[in-house]
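Please prepare a short report on this model. Cover its core, its strands, its domains and the contacts between its chains.

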Amino acid sequence: MTKLLDREPVALLVFSAVILLMPLWLTPLGANYPDLLQKFAIYGIFAMGFNILFGLTGYLSFGHAAFLGVGSYAAVWSFKLFTMNVIPAIAFGVLFSGIFAFLIGYVSLRRSGIYFSILTLAFAQMCYNLAYSVLTPITNGETGLQLTLQDPRIIDRMFAPAGAGLPSTNFFGILMSGYSGFYFCAVVLIICFFISRRIFKSPFGLTLLGIKSNQNRMGYTGYNTRPYTQTAFVISGMFAGLAGSLLAVTDPLAGAERMQWTASGEVVLMTILGGVGTLIGPMLGAWLIKYFENIFSAFNEATLEQTFSFLPEPLAHAAVAISGLFVGEGWHLTLGVLFMLIVIFLPGGIMEGWRRLARWIGGGGGGKAKSESAAVAQPAE
Amino acid sequence: MSKIALTRRNLLKAGAASGVALAAPMSFVRGAYAEEFCNMPTGSTVTLGFNVPQSGPYADEGADELRAYQLAVKHLNGEGDGGMLNTFSSKALKGNGILGKKVEYVTGDTQTKSDAARASAKRMIEKDGAIMITGGSSSGVAVAVQGLCQENGIIFMAGLTHSNDTTGKDKKRFGFRHFFNAYMSGQALGPILADELGKDRTAYHLTADYNWGWTQEESIKNATENLGWKTASAVRTPLGAGDFSQYLTPVLNSGADVLILNHYGKDMVNSLTQAVQFGMREKQVNGKNFEIVVPLFSRLMAQGAGENIKGILGTTNWNWSLQDDASQAFVKSFGQEYGFPPSQAAQTCYVQALLYADACERAGAFTPPQVIEALEGFEFDGMGNGPTLYRAADHQCFKEVLVVRGNENPSSQFDLLDVVKIVPRDQVTYDPSIFGGELGPSDVKKC
Amino acid sequence: MDALLLQFLNGLDKGGAYALIALGLTLVFGTLGVVNFAHGALFMLGAFCAVTFNKLLTLEQIVLDPEQKTAWGTPLEIRTPYVEAWLGDFGVFLVNYSVPVSIIIAIPVMLLIGVVMERGLIKYFYKRPHADQILVTFGLAIVIQEIIKHYFGANPIPQSAPEIVAGSANIGAWLGLEGNIVYPWWRLVYFGFSVVVIGAVFAFLQFTTYGMVVRAGMRDSETVGLLGINIQKRFTVVFGIAAVVAGLAGVMYTPILPPDYHMGMDFLVLSFVVVVVGGMGSLPGAVLAGFLLGILQSFASMNEVKNILPGIDQIIIYLVAVVILLTMPRGLMGREGVMED
């Protein structure tokens, strides 16, 4: 089975099936509702794109959220100025984040290691601080950029007069809210998976891996590494911009806090949690974090009491008291504990767990499973 | 699984499969086509969504809001002593839930971030079937969630939000605010400042560099300049600056004799603490005592500034020391439940929950346009703020505003604010057109 | 002129804080090669040492008085602090000086926390990739934060400086300058304190054999190990020292910034920037960068500057970081080969 997964059409088909059937298999987990499904797909793209830089080249960017923010702002401006159709919005989002990524990458890639990380962090924090305050005319600061009734929307106006309420984002007439929004994001995610897979298997991807394991040696063999890392940085920035514009597509609002360092840190955590350098690991990490953020934070005492009502009274009280620490306002604690447990017991993240599981179940099959990811899952430094 | 793999389907077939998958989950959406409007309660219960900050700087305020909501749910369902239901001028609520349906609730964490707040509100709407969303502790979140609720046809009862924009340029048909705003703070505080400090004063503003800070700076500046004050300077400080010393030292030799801190939350705690350390309370300028003013005061936050709030003037929406029946009834039931008095955030949230329930009762339906109609122009009393009007033009409540001063001799750790004056409603009422904005339509929306 | 002098003092004060926080981080970075995202949490724990000490001192005996009622109808609580009741004037003195006195408590507590952290967790991560170190220390930081939040709430908890240093010093008079140049005593104390602590750490590394071994370990831990020196044990001590320095920075900062559970995260990014701008593996670099960034931040916040470049005070630190890292490949005083791959 795992051997088959190495074949592109099979891999793609299985991946598509898993993604598109998410509403089915997430129902028992209580995660089947459009907003969370959309977030799963979008942050999956974000993490997957981040992994192209971090997983392949080893360059740890701590400012990737800036591109997410730029993508969102560009998309919302496209909705405001031109049309509610999502295609131009996505195009603008990817384009502008690509430009930003090119410029920031051009400067930051002059340094490596921690110096590179801090440069990207500095750029992202500057974007965030300015967007929150002095750039308010462009970003609408704290409140976030939203659609208004006064927006010009010139292309839409050529075809129809403005309605009474705010228009919705659409893909040639299909509304981008609810489940249709999810399927749109899901298809984009599948395309991104395809692209990302191709990059991983291409000579370009192998060159990047070479840079990761020893940049100097790559230099000695005659490679000029900069164009390669620069390209990887821009591609990864464009993935982030795509994710950002999809956030705006499913919910036309762009807030500055999307660019804050905590958001950049989050994608780093997602990637490491899932498994650096693996194809789908970062996406799994993203799902896990988003799941905790949205589902665990929603538990309150009343729901806990309901859950434990089958226990005898004193036991139920104790169970509610203890579990109450980890859910609701304590959901951060669960996340922190989870981070530690995974990294302590599963170096290599969720994908490592998967590999061990496969090895444990299938004996020989596991070894093969390793072949796909182990090639790229070297420790990143 | 392996069988599918063996047939080696290509992309085209994957497309077909996705079509099937696309159709499948649609049938799982709860009666999406049968209902009249989004999340119409069909069973014997009705679900409200309490969206409050549970992490981040306002977590304690959020916790207090949640306590107030839980108390409100109890009272609505006829448990407990009924709190302000007994003093509320409208007698539509009978303590049997809303329109006979038992009130249930779901909670979520806004994290005081627009994205997280919207995600949480969406979960309540899409998954939990909440018919109304309420709560929050900052204007950015209120405006963001209000916009979302407008798009989804869900009523939003704002929690603590003080920016003019919430019911000004960003007002929405589905959004309602009970809390007062920066403009009202300015109108209420101005005359008191003139009385207490004189008309010949020069003010120095330190303003949190974001939306709310600016609207408050503008409102206070206008109000004080109309009374003859001069403004030496208005300086923007980054949100969460922590150490404000570099903004405070220029105040010392600027010639200003009043420092106005347009900060809230942690920023307020830090800038006030540090301003006092810089000796500003003991300072004399132009023969007058130097004064510090914090236009928006919160008792909960003021605890963080400790001794430093003594004698500082500001405004607040409500304070537990008020002596009217409604306030006392609320303080009593809240205090008995939790052992300490409620904050202003708790009061506004409690009242908002009751007002929504009452509007449904009076409208005789949960249908949003009818509930909106019942709330618009609603005149009521007995909720702790004196006679109050929910103005139809901008969905802002007009009621008394409290001007308070940090208590010099607190009798307990909660007794931090002295009410200097209860400013009557007429004095803080303004023309809705000054802030612009449009409410938008009140169409029924389906999920 | 007055304004410039005051801003310079602000800069020194900020710089002192930045340098203190960065010092521990760069020790751990440079010596152990560990990216410690929990360093901010150590700073916060230090601050909460002071809070806890103060809370213990002000523990109150609660007597219910059924005669008097609260506004919500329960009997009024009458509170009398134990310490004052038992120790009289000395108790009052202790409460007044709770912040400086809690240094004495913070040192062993933070040392213990540091050693436990290193022995129990960090030591298993020396050989692991930086990515894993980031994840585990970030997780640890969240856990520590949430525990503090659970016990102390999310609101800031005010701590006051001893009364004797509560007001402001008239610096203008000392220097014989015209005008009213005053500066809070506590901030002067803080600056002096940071200089002393930084000096002590340097002296320890420079003049003791122990320090010499540690410095050698920073250069090349493998060779030091081959010489038969138990470098592991030294590392534990280094981590402990880093924790103590961060904790002390936190303790003394409480009167300036009322501590809350999140204050560590707020300082985390900044301390990383300071360390990297100073240069990896260089202690003097971190101190220099701390003061440089503190002073520049103060000057950038002046109205005269902000009027020309709006928003410059918000980004100055990052802007300076970018400029320095682009002109000096390894920060101000970084050494070759540390954290570059």
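Two strands pair if DSSP finds at least two bridges between them. Helices (H or I, at least four residues) and strands (E, at least two) are DSSP runs, numbered from the N terminus. This is a predicted model, in which local features need pLDDT of at least 70, side-chain atom pairs count only at pLDDT 80 or more, and totals for chains, interfaces and linings use all residues. Residues are numbered from 1 along each chain as its sequence is written, and chains are lettered from A and ligands numbered from 1 in the order in which they are written.

**Strands of chain B**

Strand β12 (residues 313-316) of chain B runs antiparallel to strand β16 (residues 401-406) of chain B, and 4 bridges join them. Within this pairing, Gly314(B) has Val404(B) of β16(B) as its bridge partner. β12(B) also pairs with strand β11 (residues 291-296) of chain B, here in the parallel sense over 2 bridges. Leu296(B) stands opposite Thr315(B) of β12(B).

A residue is buried if 20 or more other C-beta atoms lie within 10 Å of its own, exposed if 12 or fewer, and partly exposed in between; C-beta atoms are placed from the backbone. In a regular strand the side chains alternate between the two faces of the sheet. In β12(B), Leu313(B) and Thr315(B) point one way, Gly314(B) and Thr316(B) point the other way, and all are buried.

Strand β8 (residues 258-262) of chain B is mostly covered, with 5 of its 5 residues buried. Val258(B), Ile260(B) and Asn262(B) lie on one side of β8(B), with Leu259(B) and Leu261(B) on the other. β8(B) has parallel pairings with strand β6 (residues 202-208) of chain B, over 5 bridges, and with β11(B), over 3 bridges. Leu261(B) of β8(B) is the bridge partner of Leu206(B). Ile260(B) has Val293(B) of β11(B) as its bridge partner.

| Strand pair | Sense | Bridges |
|---|---|---|
| β12(B) and β16(B) | antiparallel | 4 bridges |
| β11(B) and β12(B) | parallel | 2 bridges |
| β6(B) and β8(B) | parallel | 5 bridges |
| β8(B) and β11(B) | parallel | 3 bridges |

**Core**

A nonpolar core is a set of buried Ala, Val, Leu, Ile, Met, Phe, Trp, Tyr and Cys residues joined through C-beta atoms within 7 Å. The largest has 378 residues, and Ile45(A) and Phe46(A) have the most contacts inside it. This core draws at least three residues from each of domain 1 (45-180 + 320-399) and domain 2 (183-316) of chain B. Those domain bounds come from an automatic or database domain assignment.

Two residues are in contact if their C-beta atoms, placed from the backbone, lie within 7 Å. Not counting residues up to four places away in sequence, Ile45(A) touches Val188(A), Leu189(A), Cys192(A), Phe239(A), Leu242(A), Ala243(A) and Leu246(A).

**Domains of chain B**

The C-alpha centres of domain 1 and domain 2 of chain B lie 30 Å apart. Contact between them involves 15 residues of domain 1 of chain B and 14 residues of domain 2 of chain B. On the domain 1 side, α3 (59-76), α5 (139-152) and α12 (344-363) of chain B each supply at least two residues. α3(B) gives the most to that side, with 3 residues.

**Helix α7 of chain A and its chain C contact**

The contact between chains A and C takes 38 residues of chain A and 34 residues of chain C. On the chain A side, the elements giving two or more residues are α7, α14 (261-274) and α18 (331-345) of chain A. α7(A) gives the most to this side, with 11 residues.

The expected span of a helix is 1.5 Å times one less than its number of residues. The 20 residues of α7(A) should therefore span 28 Å, and its end C-alpha atoms are 29 Å apart, which agrees. α7(A) is largely enclosed by the rest of the structure, because 20 of its 20 residues are buried.

**Ala17 of chain C**

Ala17(C) sits in helix α1 (residues 2-32) of chain C. Is Ala17(C) buried or exposed? Ala17(C) is buried, because 28 other C-beta atoms lie within 10 Å. Leaving aside neighbours within four places in sequence, Ala17(C) is in contact with Ser194(C), Ala249(C) and Tyr253(C). Ala17(C) and Gly294(C) are 277 residues apart in sequence and 8.6 Å apart in space, C-alpha to C-alpha.
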